[in-house]
Amino acid sequence: MKKVRLVRQAALALMRYRMRTILMMLGVVVGIASLAILTSIGEATKRETIERFKNMIGTFDTIMVRPGGGRSRGMPTLVNVPPTLRFEDAKAITELPGIKSIAEMQSAFDIDIKYRGKAASPAVFGVSANWLRLRSDEVADGEFFTQDQNTSLARVAVIGTDVRSALFPEQDSLGKTIRIAEVPFQVIGILKARGAGPAGGSLDNVILIPVNTASRRLFNRDYLTMVIAQLKDPVQSDAATNRVAGLLRQRHHIQPPGLDDFAITNPAATMARVTQARSTLAKILTGVAIMVLLIGGIVIMSLMSIAVSERRREIGVRRSVGASRGDVVFQFLLEAVSVAFVGGLAGVLIGLGGMQIAARLEKLAPVLVWQPFASAILLSVVIGIVFGIYPAWKASRVDPIQALRS
Amino acid sequence: MIQVENIRKTYARAGGDNVEALKSISFDISPGEFVAVRGSSGSGKSTLLNILGCLDSPSSGSYHLDGEDVARYSDKQLSRIRNAKIGFIFQTFNLLPRTTALENVEIPLVYFDGHVDRRRALATLQRVGLESRARHYASELSGGEQQRVAIARALINSPVLILADEPTGNLDFKAGQEVMTLLEELHHDGRTILLVTHDDAVAAYASRELRLQDGKILSSQTVSGVPLPPAIGGRP
């Protein structure tokens with residue numbers, strides 16, 4: 001009961017000195033608003049990056065092996081493929097423990113595709129029949145080729161939406177025969193549109209054909225652009241990477257200090273690096289916002305200390321009618337915390353508004369992440385306590401006798 | 001009501017030497033007495049008032065108030081005593097600014113441990129004749145009215161002891177008289193009042209006078225001028 005009455009006294013005091021209360025709040029409002037906006041943008045950007053990354057790679061339970069070596073990070077280069085990764089290597093990888101399945105891939109970028117006078121030059125990928133599953137790709141219309149069609153070197157193609165619009169602007173494409181480097185192929189499916197990759201380029205300007213058909217009938221190559229290995233346990237991606245690397249070194253007779261003639265990309269690890277880099281930036285921005293918040297706390301502390309000097313008489317009266325030192329500390333601390341809490345609440349509301357604007361300017365999906373806002377309010381309460389303690393203590397040390405006689 | 005025995009109060013001053021503000025003071029005040037404390041500045045009357053008002057503790061000696069020995073009480077215990085048993089009236093009124101008369105009277109209720117009836121504040125304002133001013137801010141009241149609000153604030157928890165420190169010092173003659181009439185009425189109602197004053201006319205309202213000088217009691221006499229026997233008046 002007494003505590004409730006003290007809360008009311010604190011509220012009355014804050015309303016009595018309205019101007020000072022608003023000034024005390026300002027720093028916290030600005031600090032919390034910027035903190036909330038920055039962390040939300042950081043979070044939204046991170047999600048956007050993960051989304052794009054996922055879009056390109058498909059799934060995170062795979063590792064990618066490509067020929068060449070030297071570079072050990074980043075995405076595989078698909079042009080100028082060194083002839084070091086062979087079909088037999090792919091087969092050997094399949095037999096390693098921890099590997100669920102693999103998909104082979106060959107690629108070419110300089111091939112003309114024609115259909116009745118219309119032409120396009122998309123990326124041509126020869127891939128295994130299980131490609132869709134390993135890439136989380138989907139066929140929107142028609143169907144994908146089968147393992148049998150791959151084995152029998154069938155001349156069938158599944159085309160991306162960009163290719164379809166280029167070659168078949170006004171008509172149905174399924175069942176039509178297109179010419180890939182003058183070799184006739186039947187269109188049996190259309191891929192679902194995927195939009196932009198991480199670099200912004202379209203992922204839909206592509207034609208998929210069976211990898212064996214590509215190897216024997218089109219490219220005349222027995223080496224691969226890439227092998228995608230699906231893992232039984234995605235958590236074990238580092239172990240699987242090491243195992244595959246060991247196998248390939250053995251098969252290619254590479255002894256240290258010889259350099260690898262292959263490179264393995266581990267999307268899970270890369271993803272971790274990317275998001276970590278993002279969060280480092282976010283940490284710096286958060287640090288700046290916390291600085292603003294600390295300044296807000298110092299503003300509360302100094303204005304509150306001045307208030308204690310100005311309200312010495314009030315403190316004296318309260319003490320003389322029965323307020324203990326603890327009661328005085330409680331009231332002044334409560335005033336500081338209330339100011340910080342209301343300031344934090346206002347900051348969050350402003351932050352929400354700012355977040356909408358920022359999302360529009362940055363063309364990010366307006367992600368509403370509640371954690372930054374919840375922790376911002378919690379943080380403002382902590383600021384109120386930390387920076388309210390000194391003035392509250394000072395208030396409790398006011399000598400009532402002197403205060404009442406002045 | 002009040003038994004003070006051998007109270008001393010020593011203050012440490014910057015520089016190391018101590019100042020003895022009260023030098024072994026003893027006296028009794030019976031319930032319902034109206035006592036004036038007089039003395040020049042530096043005589044120790046402020047120190048005595050602070051100790052009697054439980055705003056300060058004596059360095060040594062004992063102080064019984066309403067049956068409790070409060071001399072060694074903690075801050076929290078003293079706060080409870082101030083809240084329940086003592087009503088202060090000050091020279092400068094000390095009402096909270098930007099706060100209504102009624103809210104000022106209510107302040108002691110805030111610190112009362114347990115349930116309180118806020119209607120009591122209005123009744124107490126009525127007692128000092130200011131119920132019509134309940135919603136007025138302190139700054140809208142005259143000096144005499146402010147002091148009456150302060151008296152209502154002192155009365156709200158029905159204290160056993162009222163301590164008035166120069167209650168008329170900041171008032172004109174008429175307002176001062178009104179305040180003293182009010183205190184006299186409270187005395188007639190049976191309340192114990194201790195009044196610090198310089199003013200002979202004000203001191204004349206009291207039934208007994210304690211004279212302090214140099215931290216000691218110089219004399220204790222009834223207003224009729226007859227000195228009390230030392231047993232009651234304490235050591236000079």
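Reader: Which strands form the open sheet in chain B, and in what order?
Author: The order is β2-β1-β4-β5 of chain B, paired antiparallel. This is a predicted model: local features need pLDDT of at least 70, side-chain atom pairs count only at pLDDT 80 or more, and totals for chains, interfaces and linings use all residues. Residues are numbered from 1 along each chain as its sequence is written, and chains are lettered from A and ligands numbered from 1 in the order in which they are written.

Reader: What counts as a strand, and as a pair?
Author: Strands (E, at least two residues) and helices (H or I, at least four) are DSSP runs, numbered from the N terminus. Two strands pair if DSSP finds at least two bridges between them.

Reader: Which are the edge strands?
Author: β2 (18-29) and β5 (68-69) of chain B; each pairs on one side only.

Reader: How many bridges between β1 and β4 of chain B?
Author: Strand β1 (residues 2-12) and strand β4 (residues 60-65) of chain B share 5 bridges and run antiparallel. B:Ile2 sits opposite B:Leu65 of β4(B).

Reader: What does α1(B) touch on the sheet?
Author: α1(B) packs on β1, β2 and β4 of chain B. Its direction makes about 60° with that of β2(B). Contact requires C-beta atoms, placed from the backbone, within 7 Å. Axes are lines fitted to C-alpha atoms, for helices over the stretch in contact, and angles run from 0 to 180 degrees between N-to-C directions.

Reader: Is α1(B) mostly covered or open?
Author: Mostly covered: 8 of the 8 residues of α1 (residues 45-52) in chain B are buried. Among them are B:Lys45, B:Asn50 and B:Leu52. Buried needs 20 or more other C-beta atoms within 10 Å of the residue's own, exposed 12 or fewer, partly exposed in between; C-beta atoms are placed from the backbone.

Reader: What follows that helix?
Author: B:Cys54 follows α1(B), with a positive phi near 60°.

Reader: Switching to β3(B). Why is it called largely enclosed?
Author: Because 5 of the 5 residues of β3 (residues 34-38) in chain B are buried, it is largely enclosed by the rest of the structure. B:Phe34, B:Ala36 and B:Arg38 point one way; B:Val35 and B:Val37 point the other way.

Reader: Which strands does β3(B) pair with?
Author: One partner is β8 (residues 192-196) of chain B, parallel, with 4 bridges. B:Phe34 stands opposite B:Ile193 there. Another is β9 (residues 208-213) of chain B, also parallel, over 4 bridges. In β9(B), B:Arg211 is the bridge partner of B:Arg38.

Reader: And the interface? How many residues are in contact?
Author: 23 residues of chain B contact 22 residues of chain A. On the chain B side, α2 (75-85) and α3 (101-110) each give two or more residues. α2(B) gives the most, with 6.

Reader: Now chain A. Which residues of α3(A) are buried?
Author: In α3 (residues 87-94) of chain A, A:Asp89, A:Ala90 and A:Ile93 are buried. They fall within an arc of 100° seen down the axis, so they line one face of the helix. That arc is taken over the directions from the helix axis to the C-beta atoms.

Reader: What do they pack against?
Author: The buried residues of α3(A) pack against β2 (99-108), β11 (226-231) and α8 (237-251) of chain A.

Reader: Which residues are exposed on the other side of α3(A)?
Author: A:Glu88, A:Lys91 and A:Thr94.

Definitions and conventions
Two residues are in contact if their C-beta atoms, placed from the backbone, lie within 7 Å.
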